Amino acid sequence: MTPAPAPDATAAAEATATSDATATSDATATSDALAATGSTAAAAPPRLRLATAWLAGCSGCHMSFLDLDELLFVLAERVELVYSPVASDIKTYPEAVDICLVEGAVANTANLELALQLRARTALVISFGDCAVTANVPGLRNLLNREGRGGAAAVLQRSYVDLADGSGRHPHAPGLVPELLDQVWPLHAVIPVDLYLPGCPPSAERIAATLLPLLEGQRPIQAGPAMLRFG
Ligand code: SF4
């Protein structure tokens, strides 16, 4: 598959913002929000089916998710975590997922397959972190693929041969490891994305400010540096 050219990532993130909304009060409201959400947990069945997925990323966004700390207890009451590399041993992405946080860029065939699968099985897909939103660090190898020349072969040549200490050779293990795509893509270049959650990683407060409204059936307000700043 040759994904369509990626639109400007910053514009994509801004496109989700509510134009007349003011920036959220971010971290300072988290504790109060947690308490309020927790107190109403019993009145909010059925539980949302939540997933987190991990493409070409460093796991830092998932570590930030774990930094939600006490909100994790609220989530445990309000959602059913149906797929996650850090909280579940389920290997196959399930059907009928309500929300999925997707960390990482699309860099190889396994990333692309999972992205397509989760899109088909998820109501609301969140591009989670700068790697998913812009390709970020994994996308640095695109510098070796200028104007469509070089592709994955240039990356393998540079990594395994040019920089090797004398005995370098191209790795060749078909079927054992996923093939690199010629270009690393942000998530929205290969599947439609519903929300953008930038940051490297997004702070726990920003994650909370996104998830808490969704638990209440509301769309989070994505405006201002507290929600949209990269890095
Ligand atoms: Fe890691 Fe940053 Fe990419 Fe998240 S956005 S996967 S923290 S490099």
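**Figure 1. Shell around the ligand in a predicted model.** By class, the ligand shell holds six nonpolar, five polar and two charged residues. Nonpolar here means Ala, Val, Leu, Ile, Met, Phe, Trp, Tyr, Cys and Pro; charged means Asp, Glu, Lys and Arg; the others, Gly among them, are polar. The model is predicted: local features need pLDDT of at least 70, side-chain atom pairs count only at pLDDT 80 or more, and totals for chains, interfaces and linings use all residues. Residues are numbered from 1 along each chain as its sequence is written. Of the 13 residues around the ligand, Gly57, Gly60, Gly129, Cys131 and Cys200 come nearest. Helix H3 (60–66) and helix H6 (130–134) are the elements that give two or more residues to this shell. A residue is near a molecule or strand if its C-beta atom, placed from the backbone, lies within 6 Å of it. Helices (H or I, at least four residues) and strands (E, at least two) are DSSP runs, numbered from the N terminus.

Figure 2. The bond from Cys200 to Pro201 is cis, with omega near -5°. Cys200 is also among the residues that come nearest to the ligand. Pro201 sits in the loop between strand E7 (195–197) and H8.

**Figure 3. Helix H8.** H8 covers residues 204–215, twelve in number. From its first C-alpha to its last it reaches 16 Å, close to the 16 Å expected at 1.5 Å a residue. The expected span is 1.5 Å times one less than the number of residues. H8 is mostly covered, with nine of its twelve residues buried. Buried means 20 or more other C-beta atoms within 10 Å of the residue's own, exposed means 12 or fewer, and partly exposed lies in between; C-beta atoms are placed from the backbone. Among the buried residues of H8 are Glu205, Arg206, Ile207 and Leu215. Gly217 follows H8, and its phi is positive, near 80°.

**Figure 4. The largest nonpolar core.** This core has 49 residues. A nonpolar core is a set of buried Ala, Val, Leu, Ile, Met, Phe, Trp, Tyr and Cys residues joined through C-beta atoms within 7 Å. Cys100, Val102, Ala105 and Val106 have the most contacts inside the core. Its largest share, six residues, comes from H8. In soluble globular proteins, nonpolar side chains tend to be buried together. Beyond four places in sequence, Val102 is in contact with Ala53, Leu55, Leu118, Val125, Ile126, Ser127, Phe128, Ala132 and Leu187. Contact means C-beta atoms, placed from the backbone, within 7 Å.

**Figure 5. Helix H5 and its covered face.** H5 runs over residues 109–121 and has 13 residues. Its reach from first C-alpha to last is 18 Å, close to the 18 Å expected at 1.5 Å a residue. Asn111, Leu112, Ala115 and Leu118 are buried in H5. Seen down the axis of H5, the buried residues fall within an arc of 140°, so they line one face of the helix. The arc is that of the directions from the helix axis to the C-beta atoms. The cover over these buried residues includes strand E1 (48–54), strand E3 (97–103), strand E4 (106–108), strand E5 (122–128) and strand E6 (180–185).

Figure 6. Asp69 is not a glycine, yet has a positive phi of about 55°. It lies in the loop between H3 and helix H4 (71–78). Asp69 is exposed, with 11 other C-beta atoms within 10 Å. Ala96, also a residue other than glycine, has a positive phi near 55°. Ala96 is in the loop between strand E2 (79–83) and E3. It is exposed, with 9 other C-beta atoms within 10 Å.

Figure 7. Leu144 lies in the loop between H6 and H7. With 17 C-beta neighbours inside 10 Å, Leu144 is partly exposed. The C-alpha atoms of Leu144 and Val155 are eleven residues apart along the chain and separated by 6.6 Å. Not counting residues up to four places away in sequence, Leu144 touches Gly150, Ala154, Val155 and Arg158. Tyr160 is in helix H7 (residues 151–162). It is partly exposed, with 13 other C-beta atoms within 10 Å. Tyr160 and His170 are ten residues apart in sequence and 5.9 Å apart in space, C-alpha to C-alpha.

Definitions and conventions:
Two residues are in contact if their C-beta atoms, placed from the backbone, lie within 7 Å.
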